[in-house]
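Here are a few friendly notes to read alongside the model. Please have the coordinates open as you go through the points.

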Amino acid sequence: MYNTDERALLWFNTFNITSKKKNIIVDLFSSPSEMFTNFRDLKEDILQIIDVNTYNQINMLREKSYVDKIINDLSVKNVKAVTFASDEYPKKLKDYLYDPPLVIYYKGDFSLINENQCIAIVGSRKTTRYGQDVTKKFAKELSFYNFCIVSGLARGVDTIAHKECLDNDGRTIAVLGCGIDVVYPSENRELYDEIAEKGLLITEFPLGTSPLSYNFPQRNRIISAISDSVLVTEAGEKSGTMITVNYAIDFSKDLFVVPGNITSEMSIGTNNLIKNRDNVIITTNINDILTRYDMKPRTIVVDAIQLDFIQQCIIDYLADGKKHLHEIMNKANINLTETINLLTGLKSAKLIRQIPGNFYELQPK
């Protein structure tokens with residue numbers, strides 16, 4: 001299943017060394033497999049990079065049986081891995097990171113990581129009602145336009161972005177700051193499982209790694225690297241979001257920022273970005289993002305009536321054929337009364353028609 005170079009990287013990645021130091025050590029050898037075989041040959045060089053205790057631990061566990069156990073543990077937990085030596089290793093990580101992860105562990109659809117329309121939605125763990133509403137609005141609309149939404153599965157903005165994306169049949173990637181077999185925060189177990197089934201969970205940390213505070217800056221560099229742009233919906237003055245933002249700026253990614261309430265402490269970070277960064281794109285609606293992607297908003301004007309976002313969702317949904325009232329309600333993610341009111345308006349505009357059985361379809365031309 002894994003070749004000798006991949007096995008060597010799976011082995012080496014289990015040790016508690018920074019990604020930067022791991023890359024430096026690997027580069028001392030002609031290949032990862034040569035590192036595994038001849039690790040002791042460059043002891044003096046390696047001890048310039050790591051301490052002697054870590055060196056001894058690595059050397060002691062340089063055994064085929066230890067590597068076999070690592071691979072078996074991954075299989076038992078239904079986790080797959082892509083290493084820097086694998087053909088499937090993401091080009092984005094190689095292109096943007098000077099310290100790319102040696103291993104990416106994942107559950108779900110790994111092809112999502114290579115999508116061209118990946119946008120990170122990031123923000124504070126503590127959110128106001130405004131931040132929640134803004135995050136829901138953009139996550140829903142971006143999903144509608146087929147963007148793949150990247151975030152970190154943390155409380156607050158991350159959780160809202162992932163949930164709203166999945167609720168609207170969108171694609172999402174969660175980048176974890178812990179082992180992929182560790183659900184953090186614990187209340188996101190159901191969301192974690194849904195992303196594993198319908199989206200993609202990834203991490204560079206080996207199985208069992210706890211969500212320690214210093215893991216998250218490392219996690220954030222991956223969020224920025226695999227995303228084509230970053231959207232900040234709400235962030236306080238000292239939010240960890242700024243780490244993701246700074247990486248995005250270093251990588252020359254588009255940075256979209258939603259202005260916040262000037263009286264709210266939770267908007268100080270976003271508003272300071274707008275004031276102090278020349279390359280920030282002030283974002284107040286979906287069109288500000290679509291313009292940067294050379295995409296046109298989907299609007300229909302009939303008898304001087306311009307459809308709002310949810311009405312347009314319904315029209316596009318019915319383009320696939322007739323749908324039942326409750327299917328439309330679930331797709332639009334609104335209650336029954338609102339759904340009926342919207343459908344009535346669309347019928348009046350002669351865009352749709354109702355057919356027996358509480359089904360609706362587009363009005364034939």
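1. A word on terms before we start: contact means heavy atoms within 4.5 Å. Axes are lines fitted to C-alpha atoms, for helices over the stretch in contact, and angles run from 0 to 180 degrees between N-to-C directions. Helices (H or I, at least four residues) and strands (E, at least two) are DSSP runs, numbered from the N terminus. This is a predicted model, in which local features need pLDDT of at least 70 and side-chain atom pairs count only at pLDDT 80 or more, while totals for chains, interfaces and linings use all residues. Residues are numbered from 1 along each chain as its sequence is written, and side-chain values use heavy atoms, with hydrogens and water left out.

2. Helix H13 (residues 268-276) lies across strands E7 (229-234), E8 (254-257) and E9, running at about 130° to E7. Its residues Gly269, Thr270, Asn271 and Leu273 are buried (under 20% relative accessible area, with a 1.4 Å probe and protein chains only). The buried residues of H13 pack against E7, helix H12 (241-250), E8 and E9.

3. Now the sheet itself: nine strands form an open sheet with mixed pairing, in the order E1-E2-E6-E5-E4-E3-E7-E8-E9. Strands E1 (80-83) and E9 (280-282) stand at the edges with a single partner strand each, so one side of each has no neighbour in the sheet. From one strand to the next, the twist averages 25°. Two strands pair if DSSP finds at least two bridges between them; E4 (residues 148-151) and E5 (residues 171-175) run parallel and are joined by four bridges. Ile149 has Thr172 in E5 as its bridge partner.

4. Do look at the packing of H15 (residues 309-318) on H17 (residues 336-348), where the angle is about 70° and the axes are 11 Å apart. The two helices are therefore roughly perpendicular to each other (65 to 115 degrees). Ile310, Gln311, Ile314 and Ile315 of H15 meet Leu342, Leu343 and Leu346 of H17. The residues of this contact divide into six nonpolar, one polar and no charged (Ala, Val, Leu, Ile, Met, Phe, Trp, Tyr, Cys and Pro count as nonpolar, Asp, Glu, Lys and Arg as charged, and the others, Gly among them, as polar).

5. Which residues does Thr339 touch, leaving aside its neighbours within four places in sequence? They are Leu325, Ile328, Met329 and Ile334. Thr339 sits in H17 and is buried, with a relative accessible area of 0%.

Conventions. Buried < 20%, exposed > 50% of the residue type's maximum accessible area, 1.4 Å probe, protein only. Parallel < 35°, antiparallel > 145°, perpendicular 65-115°, else oblique.
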